[in-house]
Amino acid sequence: MRRAAGYSMIPGAFLFWLAACASTSPESLADAEAAIRARSRAVAEAEANKDAAAVMPYWTEDAVVHFNGEAPLRGKAAIGAMYRERLPRLETFRAETNSIEVAPGADMAWETGTTFVTLPSASGSPVASTSKF
């Protein structure tokens, strides 16, 4: 979960389905991890650039995002609305992937990382927040 100054950015955990990976060879697992890292870099870059449109191709129609203390966001339209409403408020945003674990069948993976966000407080001074996903 990515949280900053009273609201969250991006879901707490990512699950990536990699249907294109049919083999379980070490090379296939490495390819799957490389694809996830590339995807994560692209999403983080779009978020840092406050570009909601560039983030949206990475989400599916059946995606669900959970934020602490909020009702789940269900579907691409709801997630897009969240990005359009929240990204412009950010002063800075940076995400770093800490680890990626690809399941032996290369059909699922888990990513963990850290986000660093700066938002203006009610008084206008910047408030920094670090969160894990």
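Biologist: How many residues lie between strand 6 and strand 7 in their hairpin?
Modeller: Five residues lie between strand 6 and strand 7 in the hairpin, and Ala 106 in the turn has a positive phi of about 60 degrees. Strands (E, at least two residues) and helices (H or I, at least four) are DSSP runs numbered from the N terminus. This is a predicted model, in which local features need pLDDT of at least 70, side-chain atom pairs count only at pLDDT 80 or more, and totals for chains, interfaces and linings use all residues. Residues are numbered from 1 along each chain as its sequence is written, and side-chain values use heavy atoms, with hydrogens and water left out.

Biologist: In which sense do strand 6 and strand 7 pair?
Modeller: Strand 6 (residues 92–102) and strand 7 (residues 108–120) are antiparallel, with ten bridges; two strands pair if DSSP finds at least two bridges between them.

Biologist: Which residue in strand 7 is opposite Arg 94?
Modeller: Phe 116 in strand 7 stands opposite Arg 94.

Biologist: Turning to helix 1, what span should its 23 residues have?
Modeller: Helix 1 (residues 26–48) should span 33 Å at 1.5 Å a residue, and its end C-alpha atoms are 33 Å apart, which agrees. The expected span is 1.5 Å times one less than the number of residues.

Biologist: Which residues of helix 1 are buried?
Modeller: Among them are Ser 28, Ile 36, Arg 39 and Val 43. Buried means under 20% relative accessible area (1.4 Å probe, protein chains only).

Biologist: What follows helix 1?
Modeller: Lys 50 follows helix 1, with a positive phi near 60 degrees.

Definitions and conventions: Buried means under 20% relative accessible area, exposed over 50%, partly exposed in between (1.4 Å probe, protein chains only).
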